[in-house]
Amino acid sequence: MKPLAPLLLSLLFLTSQTVLSFKREEFRNCHQTPFCKRSRARSPGACTLTPHSISISNGDLTATLLSKNDDQIRPLILSLSVYQDGILRLKIDEDYDHPDPAAPKRRFQVPDVIVPEFESKKLWLPRLSTETVGGESSPSTVVYLSDGYDAVLRHDPFEIYIRDKKSGNQKLISLNSHQLFDFEQLRVKQEKQDSDNTEDSGSDDNWEERFRSHTDKRPYGPQSISFDVSFYNAEFVSGIPEHATSLALKPTRGPGVEKDSEPYRLFNLDVFEYLNESPFGLYGSIPLMISHGKEGRSAGFFWLNAAEMQIDVLGDGWDAESGIELVKQKSIDTFWMSEAGIVDAFFFVGPGPKDVVKQYTSVTGRPSMPQLFSIAYHQCRWNYRDEEDVANVDAKFDEHDIPYDVLWLDIEHTDGKRYFTWDPVLFPNPEEMQKKLAAKGRHMVTIVDPHIKRDDSFSLHKEATEKGYYVKDASEKDFDGWCWPGSSSYLDMVNPEIRSWWGDKFSYENYVGSTPSLYIWNDMNEPSVFNGPEVTMPRDALHHGGIEHRELHNAYGYYFHMATSIGLLKRGGGNDRPFVLSRAFFPGSQRYGSVWTGDNTADWDHLRVSVPMILTLGLTGISFSGADVGGFFGNPEPELLVRWYQLGAFYPFFRAHAHQDTKRREPWLFGEKNTRLIREAIRVRYMLLPYLLHII
Amino acid sequence: MEVERRSFYFCFFFFLFFPGFFGVLCKSASPVVPKNPFLGIPPQDDNHYKTSSNTIKCKDGSATFTIVQLNDDFCDCPDATDEPGTSACPGGKFYCKNAGHAPLFLFSSRVNDGICDCCDGSDEYDGQVKCPNTCWEAGKVARDKLKKKIATYKEGVALRNKEVDQAKAAIAKDEAELSKLKNEENVLKGLVQQLKELKEQIEKAEERERLQKEKEEKERKEAEEKTTGEKSVIEREANEGQIEEKIDNEDKDVESAHDEIGVLDDSPADQDVVDEYADHGSSVNKVEQHEGQEDEKSVSTKNKDDSTHVHEINHDAGNEASHDQPVEEGKDGSTDAEGLSKEKLGRLVASRWTGNHEKQTEGVSDKKENDHEDSEEMAQDTHDQEYDGYASETDDDTGKYDDPDVEDDIDETYEEDVHDDATAAYKSDAEDEVEFSDTTSPGNPSWLEKIQQTFRSILRAFKFFQTPVDKSEAARVRKEYDESSAKLSKIQSRISSLTKKLKHDYGKEMEFYSFYNHCFESKQNKYVYKVCPFKEASQVEGHSTTRLGRWNEFEDSYRAMVFSNGDKCWNGPDRSMKVRLRCGLKNEVTDVDEPSRCEYVALLSTPALCIEEKLKELENKLELMNKEQPQSHDEL
């Protein structure tokens, strides 16, 4: 018996080790993701499509893309549109008019992201011109884009690019220059289809996908899209958040890059203890890439698509083996892969980085104007336990002469993780508590997550069930997943009716215990599903209108954020600017509030990486963002905490937050000197507030 | 290239963090200065400001300023000397007189911030808000409170003095007892030594006798053989066997105690416990009982078997319970989650953030460890009674033993004491002293003499080197030896516990001496918190006990007790508890709280903290407040 004791101990030790770290094996890598594996295996020159019947219709250039080989299910329809300020939009989708075989459904095109006023900026193309660009055998169709820029559609091989007339018609940015374009078309499952086909056989014939214990029925078969995009004369590319990595994106393929290196993944996930320096996808996704080169020249590429995306940055010489020397102009090549959706891509000509951001936000919207209090200092912790705790923390700030504006309550404030409720023992008088804070001009934020406790006595759940407002599983029953409250269902926020219903829940009558000084925090909206594949919702779950979750996954959190923000706007009768913090994000999230970089760790690496992460967010339109000051997991040493305050004072969103297992770390707990340093850092922030309000 | 890159990022840094449009709104407001140029200056600083010269020094000597610059809402002194009455200098202090109540220093950032901080309203003078003077009412409340506090202190000081006296007497008594015991130990040690020698001599004599007999027997047999021819070999062997058996029997009573230990030794976790217990008096009683009682012996042997068996079961069960889980957990991250049901998987992933699941697994191992240590401690405390209880539970209650925490059983007995008392404070181990008083109480002082007399009579009666050995004399020596050595070990254990007790730090005036062996309890929701000074602090929920910390020390000049190194917390520190002490008339634990995960705080009211100097301080304060009363009354 005796020898067992050390064995047990070592087992426990191992357990606690594994529990405390990122679980790589729970998430799919590119090799385990069939569409990514297939796409990455393609070699340059594989695309056989060429445009036909090029014409102008409704002010757009339209064409039909047909394969030179006879391997196409139905034609693809291409359209090019031009907008003010040098924006080119490219759409490629299936031909839904094609009779046989007809597309079994419409592919998902993300609504509610492009601002309505954008359409009014469209320039109607008057004419096309056809020319043969010097030295080429095939003709190209050229349209005017903006002063000094043309958009060019080369016919064979098929390529789209923007050329800069001022620099002697050099290319600025292009798509499919390496002929990697691929578009897997929707099919109807054949009767004889063998469902035993195992995953990643590389064949297009397998329908079901398995990952760990989860099976994805994939009823429409593979439907991925991939293509290459090149940025010319660029030294760096940045953007495509959210990754815990450098601002300038390092190559993920090519000479000198490890063989098994992963592409940058865009798939909103709740990652436990994420890694520093990793291309792994975190809580939000913005498929916008910005290049930057000599003389401050920038260009941008944005793909509006909410499915899982994988993006390779190809290192110099990546295509050397193929022997094809297509381009003499220096460029950074990138390779974009998405599991579903359509091509709805935007090219931004710049010329400066600021112009690219302006062009991008003219499509997806400018950041909303925050309230002054929301750019001040926020004090958060999982959890301020009860009203007494709240009162004490509040009093201590005054006692130590440290300014702060907002006190936050995490999930434990609720009655059994039923959002919009209060724990009757810990928070018996929420209104009074908020009023006490408000008397000093302070605000409170409570958490409201998208998972609803499946409890029939919970009116919100009852109502959502009756109205059929939940996301459905593949068998069209209400999807039942596990999150904080235990068994939970998830509201289907892509439906505008449900968003409106949700918004009403924030009225003072509906949210009992709320006061005008209360604002909202949306967490877990990737969505996080503890027992789902990769800790999220199964891809074959069904949304409003038969949309598969795989098609809108990355936008789920965005719709939730939007619904909450609209709710607060309604609550204030349109006279109170909402403040909603969200963890998940998507293009357009800047219109609805701020985001933060999720569950970081109290170490120096995470302090460092917060800078490029927040810079990248700012670069991709989300100017109001921050990282948890002090680091969410773990206990920061006092110097790290002080340094984090000194850095955090310059984050657009400045909030300290901590995991419930960590030691208390309010600013006054680390000795007189550290208290003074933190106080000074926060005061610098307060001195800058009037200025910051006008630049965020 | 590098330069370019850097400037690129530098330009970007601010732009990207805040990519909006530059533009600063300047609030153009004329400074608001107080009507009274000397506003915000405390009386003790009056002389510094009201000088005849035109210039005033910054207190840190770094600069000077003129009277015009005083409170002009512009900061001239780095140390804020020139702006006591405005918010112009960061880090300045504003003094409000608060006549009728206590004066107050405010951070200068509170001046004209729209919130009334001083009860006399003097901190808000820019017209933003109107602050009524509430000092009279607030002062009255404060004075009443102070009066109550003083009353408590007065009573408390008396209680404390009494306690200090008692403590001093008790310490003197304990020290006297200790030195007496040490003397007795010395005497008894010598006695035991002599008895031992005697016993050995007897044994030698007996051995000689035996050999002699054997020899004689042999010679007789040989003679017989010679005369009668032959006898069967079998018979002879049988005879020899009998003799050996006889010898064995003689040794058995001494060894029996050892036997018991030997068997229990099989359980590694409890080994120390049993050893410890065996050292103490009670096992001796058993030995005595066992003498000549073969029946009981066999029963106890059976028990031993049982308990060994139990241990095995225990190991198996423990194995399965705490083995299974880690394996599951160990794999959890990788392949194993696949085998889990949806709900289990959900719980598992959730537990990464909350640690609930993990806590359980670790709990098991912790508890095991605790058992061990706790038992050791118990042993040191010489809980004879509890030993019995423990033993019987080991024998009967195998099911409970299976439960990963044996400790619970012990604690239950422990708890019963508490509930019997039905008070929040109780003595943790009175039996110890009570029982010992049987032998040591002044009314029965002559036990040592008795032993010595008996010894002398033995010496007298016993004739050395006499053969054959007088059987009854030999038995008497053995009995005396056993009794004396049992007494010796009892005395020694008492000495060790007294030494341990006297070793602790009981405060400047030994005011905490009465806390020794006492526990204080507080029930909060489903938990009962137990604070046992000089020992440990724990949290009890139903049958499970979590140790919040072991006694560490007093902190903050005897105003706090620190218990550290409690049970391990998942993803957190070892549990710890800090008990703040304050003056009160009863020893009472209140306000147990866990401000950080697994770091507990509590408040203990006790007369021990009702210090006379503090009482004087409070009285002075009240006097001061009362002095200002008529003045403030006039103002009103």
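Chain A of this predicted model contains twelve helices and 35 strands. Its radius of gyration is 26 Å, close to the 26 Å that the globule rule gives for 696 residues, so chain A is as compact as a globular protein of that length. Along the principal axes, the C-alpha atoms occupy a box of roughly 80 × 60 × 60 Å. Buried residues account for 54% of the 696 residues, and among contacts between residues at least 6 apart in sequence, 71% join residues at least 24 apart.

**The annotated domain and its sheet**

An unreviewed UniProt entry lists residues 367–693 of chain A as "domain: Glycoside hydrolase family 31 TIM barrel".

Nine strands of chain A form an open sheet with parallel pairing, in the order β33-β32-β31-β28-β24-β23-β22-β35-β34. Strands β33 and β34 stand at the edges, each with a single partner strand, so one side of each is left without a neighbour in the sheet. Strands β22 and β35 of chain A run parallel and are joined by three bridges, and A:Gln379 stands opposite A:Ala656 in β35(A).

| Element (chain A) | Residues |
|---|---|
| β22 | 377–379 |
| β35 | 654–656 |
| β33 | 625–626 |
| β34 | 628–629 |
| α11 | 638–648 |
| α12 | 671–693 |

**Helix α12**

At 1.5 Å a residue, the 23 residues of helix α12 of chain A should span 33 Å, which agrees with the 32 Å between its end C-alpha atoms. The buried residues of α12(A) are A:Leu677, A:Ile678, A:Arg679, A:Ala681, A:Ile682, A:Arg685 and A:Leu692, and they pack against β22, α11 and β35 of chain A. An α-helix has 3.6 residues a turn, so residues three or four places apart point the same way.

**A buried proline in a loop**

A:Pro450 is found in the loop between β24 (443–447) and β25 (451–453) of chain A. A:Pro450 counts as buried because it has 29 C-beta neighbours inside 10 Å, where the cut-off for a buried residue is 20 or more. Leaving aside neighbours within four places in sequence, A:Pro450 is in contact with A:Tyr490, A:Leu491, A:Met524, A:Asn525, A:Pro527 and A:Phe560. A:Glu509, 59 residues from A:Pro450 in sequence, is 20 Å from it in space, C-alpha to C-alpha.

Notes:
Residues numbered from 1 in each chain as written. Chains lettered and ligands numbered in written order. Predicted model: local features only at pLDDT ≥ 70, side-chain atom pairs only at ≥ 80, totals over all residues. UniProt positions renumbered as here; feature names shortened; annotations may be inferred. Pairing = 2+ DSSP bridges. Helix = DSSP H or I, 4+ residues; strand = E, 2+ residues; numbered from the N terminus. Expected span 1.5 Å × (residues − 1). Buried ≥ 20, exposed ≤ 12 C-beta atoms within 10 Å, placed from the backbone. Contact = placed C-beta atoms within 7 Å. Rg over C-alpha atoms; globule rule 2.2 N^0.38 Å.
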